[in-house]
Amino acid sequence: MIHDFKLPENFLWGAAISANQAEGAFQEDGRGISNIDLIPHGQQRMAVKLGNITHPKILSSEYYPSHDGIDFYHRYKEDIALMAELGLKVFRTSISWSRLFPNGDEREANPKGIAFYQNVFTECKKYGIEPLVTLCHFDIPMGLIIKYGSWRNRKVIDCFVRYADTCFREFSGLVKYWLTFNEINIVLHSPFSGAGIAFEEGENKNQTIYQAAHHMLLASAMAVKLAHRYSADNQIGCMLAGGSFYPYSCNPLDVWESVKKEQENLFFIDVQARGHYPSYAKKLFAEKGVHLIIEDGDLDTLKTTVDFISFSYYASRCVSSDINNKVINDGNVVRSVENPYLQASDWGWVIDPLGLRITMNQLYDRYQKPLFLVENGLGAKDVVEENGDIFDSYRIDYLKRHIEAMKDAVEDGVELMGYIAWSCLDLVSASTGEMSKRYGFIYVDKEDNGSGTFSRKKKKSFYWYQKVIRSNGTVLDI
């Protein structure tokens, strides 16, 4: 494939973090406890994430990596200056809901929380960097979980709309690119980290998840309408944890399994992009024992659709109708079969650049709305040499191959707003809670147990990505 295709001049090159993985300062300046603050590093992590611990608590015997993050809360000026040196056109971050509304249901926002984000976005603007802000990036106030049961309760919709309204008002003129929910489909795979859902004994999990999702979809549509009411400049999108589902073989049973998995995965985006539940929803609900409670006016509310489709892409998935007799890839929270044609990262995530091109074509063909690739990166163990250098050529190779595939997709005719690498800086891994699973262009001196100086250091990939941005993606060689 020839890679001399040129991206549009206004293409948005960026990098990302999230509040819950980076900010730290988890109880500072009036911030309330969030669901992520109860997810420990270690043996209990997955049980809490999956919602299998009914009433999780912060225990003195456990380490909670979100409590310190990488101290972005106190170091944001230093970090944004590094982003400006990197040449970012856009910086994706999120707002901690509980930093603005400590319990989630207050009538008025915490002024210190408002001031912090105003300062962050003003600092971005100083350097000509556009913020892309996610309203809810796996970040639910524990007050809403304890009082209402999180998104299983319709009352949380009003709390979210009040929070979104506050954000659009207070950050007007500073932010014009917005996302409602990060990787909304992850509620299917990791209910507590994705949506603050912890299950009661004997509860119908599918019923709870899809009812909660209905409330999240309503809240998303209301937020889109609000954003447009505040400013015609506001562009607001949804977000998918992307990656196509390949059939393990050409056996029609495997192919049909991949079709069903694609539908299950794209279910939420179908609603957010098309404005109604898809035709296959009726059978999907019947198979899962779900009886969705839809109130008068709900279906009209859902007709408000997003401006663009954003998605993350790390890996493709492989499925079989006979999954129990196949080798399982346990590297990702989305369960799949091991693909014999692909290599994997140190954490078992398959490396599939062509899968990005496939995913982009499928999403654009399905929705005919602009796409925005808002997460793509490689989690790897980095070694700091004696002289302080960090030669992360493996990360450069991964990103280079995926950017080439992205360009191929744009040449195929896919409309793409921009490319955002995950991540600007090393931060707490959402999947494992580790710092050693590093993604950043900038090294952060912090270990898995929380020790370290938190000092920042540029990796080899920093200088490589700097050249990529300056050349608008035409210079990709190391």
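This is a predicted model: local features need pLDDT of at least 70, side-chain atom pairs count only at pLDDT 80 or more; totals for chains, interfaces and linings use all residues.

Me: Which strands pair with strand 4, and in what sense do they run?

Reply: Strand pairing is read from bridges. Strand 3 (residues 130–136) runs parallel to strand 4 and is joined to it by 4 bridges; leucine 132 has tyrosine 177 of strand 4 as its bridge partner. Strand 5 (residues 235–241) also pairs with strand 4 in the parallel sense, over 3 bridges. Here leucine 179 is partnered by glycine 237 in strand 5.

Me: How many aromatic pairs does a search of the whole structure find, and why is the pair of tryptophan 97 and tyrosine 163 described as it is?

Reply: The search finds 34 aromatic pairs. Planes under 30 degrees apart count as stacked. The ring centres of tryptophan 97 and tyrosine 163 are 5.1 Å apart and the planes lie at 10°, so this pair is stacked. It links distant parts of the chain, with tryptophan 97 in helix 4 and tyrosine 163 in helix 7, 66 residues apart. Both tryptophan 97 and tyrosine 163 are buried.

Me: What is the geometry of the pair formed by tryptophan 151 and phenylalanine 181?

Reply: That pair is edge-to-face, with 75° between the planes and 5.5 Å from centre to centre. Tryptophan 151 lies in the loop between helix 6 and helix 7, 30 residues from phenylalanine 181. Tryptophan 151 is buried, at a relative accessible area of 0%.

Me: Over which ring does the charged end of arginine 99 sit?

Reply: The charged end of arginine 99 sits over the ring of phenylalanine 116, 5.7 Å from its centre. Phe116 is also one of the residues that ring pairs link into a cluster, among them Phe72, Tyr117 and Phe171.

Me: Finally, how is a helix read, and what caps the N-terminal end of helix 9?

Reply: An α-helix has 3.6 residues a turn, so residues three or four places apart point the same way. Helix 9 (residues 205–230) reaches 37 Å from its first C-alpha to its last, close to the expected 38 Å. Of its 26 residues, 19 are buried. Asparagine 204 caps the N-terminal end, with a side-chain oxygen 3.2 Å from the backbone nitrogen of asparagine 206.

Conventions
Residues are numbered from 1 along each chain as its sequence is written. Side-chain values use heavy atoms; hydrogens and water are left out. Helices (H or I, at least four residues) and strands (E, at least two) are DSSP runs, numbered from the N terminus. The expected span of a helix is 1.5 Å times one less than its number of residues. Buried means under 20% relative accessible area, exposed over 50%, partly exposed in between (1.4 Å probe, protein chains only). A polar contact is a pair of N or O atoms within 3.5 Å; within protein, one must be able to donate a hydrogen and the other to accept it, and residues adjacent in sequence count only if both atoms are side-chain atoms. Rings of Phe, Tyr and Trp (its six-membered ring) pair if their centres lie within 6.5 Å; planes under 30 degrees apart count as stacked, over 60 as edge-to-face and the rest as tilted. A charge sits over a ring if NZ of Lys or CZ of Arg is within 6 Å of the ring centre and within 35 degrees of the ring normal. Two strands pair if DSSP finds at least two bridges between them.
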